Amino acid sequence: MNNMSEVRYVAATGALGVGVDQAALMSSLELKPHFIAADAGTTDAGPFSLGSGRAAFARESVKRDLTHVLVASREAGIPALIGSAGTAGADAHVDWVLDIAREIVDEVGLSVRTAVIRSQQNSAYLLQLYREGRIRPLDPAPPLDEKLFERSSRIVGMMGVEPLQAALEEGADFVLAGRCSDPALYAALPTMRGLPPGLAWHAGKVTECGTMACEGGRGGVITGTIREHEAIIRPVGDGLRCTPQSVAAHSLYENADPYLHKECSGTLDLSGSQYIAVDERTVRITGSAFHPAAEYTVKLEGAELIGHQSVMIGGIRDPYIVNRLDQWLGEVRAIIDRSVERLLGLSPSEWTLTVHVYGRDAIMGRMEPERSAVPHEVGIVVEATAGTQDTATKIAQLARQPFLHHGVPEWMGGITSFACLHNPAHIERGAVYRFNLNHIAIPHTQMEMFRTEIVQLGKARA
Amino acid sequence: MKLAELSSLIRSKNAGPFTLTFDIVLPNEADYWRVKRSGVLTVKRFAELFRCDMAAVKYFECDNARAFKFSMPRPIVQGDLGDGDLHGGQQFIPLMNIEIP
């Protein structure tokens with residue numbers, strides 16, 4: 001492993017599929033970067049991607065962005081790293097991106113020695129770790145029992161720098177990683193070249209969302225230069241500026257703690273970080289620390305099927321109903337409960353009816369401070385969830401009549417109380433999933449949870 | 001003056017599927033220190049506004065970012081049945097009306 005006095009890199013985008021500014025990416029190659037990277041995943045899209053094995057972005061947008069990254073990396077002769085492939089980074093997602101990469105390489109005529117790193121976890125392996133006391137909750141964590149591993153649709157482990165470094169040591173042109181810590185993509189090469197992990201991880205943290213840590217413009221790419229005593233962050237693109245405040249503020253984004261960030265091999269500590277303007281668009285970071293952990297840990301993410309869902313959307317304008325909405329909804333729900341039990345023979349644990357009242361508290365739920373305000377109309381979304389799509393739809397159909405015609409004392413005679421938006425009134429939503437793990441695993445070795453395969457895409461170079 | 005009138009940004013967001021995090025960013029040093037010295041932003045005040053346990057709230061004052069941050073467990077896990085805000089982006093509103101002396 002050769003040490004280097006500095007490592008330079010380009011973060012092509014904060015999310016593969018959102019868009020890569022190709023002109024800025026090509027112009028950033030003047031920096032003579034040692035690698036290009038981009039994150040392609042997040043839990044922020046929700047549990048559906050991990051549960052279903054599908055990506056949150058259109059194939060075309062991922063192909064466009066990956067084309068720019070692969071073309072730039074081959075032109076510069078430097079490795080490209082993509083982490084958290086296909087949104088959730090499970091095997092189905094990695095295969096999906098690998099297929100896109102293969103298509104790009106064929107169309108453009110590239111030769112790309114690819115390291116594919118898989119991070120989906122086997123349920124029997126996780127059960128064994130659990131029984132050995134090697135799976136521990138983070139705070140807050142959902143309940144965990146032995147059956148959870150088998151019940152989950154997919155579970156992934158979030159890799160750190162180690163599998164990426166092994167792939168770079170192998171001489172990969174392209175590292176396609178399953179679920180991966182975002183800053184690890186950027187910390188892998190600098191730390192393997194002997195540069196300080198505090199600065200390398202911190203720069204990765206700043207740049208992993210692309211130019212989000214900048215102000216003054218859109219598009220562009222962001223670059224990092226890691227040296228022994230400083231990290232330099234500089235955007236490339238019209239009007240984009242990094243300022244000490246914009247870089248410092250970015251460490252708040254989507255993090256529960258702005259100073260301490262737990263990674264597999266330790267904790268990034270920004271409490272002593274200093275941000276200094278080098279020029280009007282460049283920031284120097286110093287003082288960031290990385291505390292190595294005594295135990296190597298891998299964060300787990302899991303999703304399990306809740307059931308299938310059908311939804312009905314509508315609204316109520318009648319002030320007599322809106323004024324006593326809780327009571328009216330309670331009566332409607334009781335009618336639905338009885339007919340589901342009587343006609344479908346389902347016990348309460350076999351189905352769920354969720355009612356969201358827009359205009360009142362649909363967005364903030366029990367945290368809504370203005371729940372008692374009476375709106376002039378409310379939007380209502382009724383979600384029926386059950387074991388099969390067919391059952392969920394039947395529940396939605398049974399729910400329609402009481403919603404449509406349940407009365408109020410003020411009106412004599414039959415009324416139609418619910419304004420349906422659609423015909424049919426219900427929409428079949430398919431499978432719905434929940435996140436079921438916020439835990440860490442303590443593997444026996446750093447590499448046992450990750451599997452690397454070298455694949456030659458396109459013709460091998462002589 | 002209300003916190004929303006002083007701030008350049010007040011936002012909420014998921015910090016992973018199990019946590020909500022709230023950022024309050026001030027546009028300049030004077031306003032940041034005015035809010036900080038007022039002592040109005042506290043764990044207790046936040047826990048009252050968001051009806052959660054004080055022990056579950058984390059609070060940070062970030063001088064170099066001119067920002068304040070609160071984090072709390074999500075009342076419903078992201079995307080689970082009943083969750084009405086998948087990305088957690090529309091939960092900050094009660095912070096807007098905090099009166100800053």
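**Briefing on the predicted model**

Arg51(B) counts as partly exposed, because 15 C-beta neighbours lie inside 10 Å. The structure that contains this residue is a predicted model, with an ipTM of 0.95 and a pTM of 0.96. For chain B the average pLDDT is 97, and 100% of the residues score at least 70.

**Backbone features in chain B**

- Arg51(B) belongs to the loop between helix H3 (43-49) and strand S3 (58-62) of chain B. Its phi is positive, at about 50°, although Arg51(B) is not a glycine.
- Arg66(B) is likewise a residue other than glycine with a positive phi, near 50°. This residue lies in the loop between S3 and strand S4 (67-73) of chain B.
- Is Arg66(B) buried or exposed? Arg66(B) is buried, because 24 other C-beta atoms lie within 10 Å and the threshold for burial is 20 or more.

**Backbone features in chain A**

- The peptide bond between Asp139(A) and Pro140(A) is cis, its omega being near 0°. Pro140(A) sits in the loop that runs between strand S5 (135-137) and helix H6 (148-151) of chain A.
- Asn423(A) and Pro424(A) are also joined by a cis peptide bond, with omega about -5°. The loop between strand S18 (419-420) and S19 of chain A holds Pro424(A).
- Gly171(A), which follows H7(A), has a positive phi near 85°.

**Overall architecture of chain A**

- Chain A contains 13 helices and 21 strands, and its C-alpha trace spans about 85 × 50 × 45 Å along the principal axes.
- Of the 462 residues in chain A, 50% are buried.
- Among contacts in chain A with a separation of 6 or more, 76% are between residues 24 or more positions apart.
- Chain A is divided into domain 1 (6-119 + 159-297 + 442-457) and domain 2 (305-435). Their C-alpha centres lie 44 Å apart.
- Where the domains meet, 4 residues of domain 1 of chain A are in contact with 5 residues of domain 2 of chain A. The domain 1 side of this contact has 2 nonpolar, 2 polar and no charged residues.

**Contact between the chains**

- The contact involves 31 residues from chain A and 37 residues from chain B.
- On the chain A side, helix H10 (244-250), strand S16 (351-358) and strand S19 (426-435) each supply at least two residues.
- By class, that side of chain A has 16 nonpolar, 10 polar and 5 charged residues.

- Which residues of helix H7 (residues 161-169) of chain A are buried? They are Val161(A), Pro163(A), Leu164(A), Ala167(A) and Leu168(A).
- Viewed down the axis of H7(A), these buried residues fall within an arc of 170°, so they line one face of the helix.
- The buried residues of H7(A) pack against strand S3 (80-87), strand S4 (112-118), strand S7 (174-177), helix H8 (184-192) and strand S21 (451-457) of chain A.
- The largest nonpolar core has 128 residues, and those with the most contacts inside it include Leu164(A), Val175(A) and Leu176(A). H8(A) gives the most to this core, with 7 residues.
- Both domain 1 and domain 2 of chain A contribute at least three residues to this core.
- A second, separate core of 22 residues includes Val378(A), Ala384(A), Ala386(A) and Ala425(A).

**Two individual positions in chain A**

- Val206(A), in helix H9 (residues 197-207) of chain A, is buried, with 29 other C-beta atoms within 10 Å.
- Apart from neighbours within four places in sequence, Val206(A) is in contact with Ala213(A), Ile233(A), Val247(A) and His250(A). The C-alpha atoms of Val206(A) and His250(A) are separated by 6.6 Å, although the two residues are 44 residues apart along the chain.
- Met4(A) is found in the segment before strand S1 (6-11) of chain A and counts as partly exposed, with 15 C-beta neighbours inside 10 Å.
- Not counting residues up to four places away in sequence, Met4(A) touches Arg193(A) and Gly194(A).

Note on methods
Residues numbered from 1 in each chain as written. Chains lettered and ligands numbered in written order. Predicted model: local features only at pLDDT ≥ 70, side-chain atom pairs only at ≥ 80, totals over all residues. Helix = DSSP H or I, 4+ residues; strand = E, 2+ residues; numbered from the N terminus. Buried ≥ 20, exposed ≤ 12 C-beta atoms within 10 Å, placed from the backbone. Contact = placed C-beta atoms within 7 Å. Nonpolar A, V, L, I, M, F, W, Y, C, P; charged D, E, K, R; others polar. Domains from an automatic or database assignment. Arc of directions from axis to C-beta. Core = buried A, V, L, I, M, F, W, Y, C linked by C-beta atoms within 7 Å. pLDDT = per-residue confidence, 0-100.
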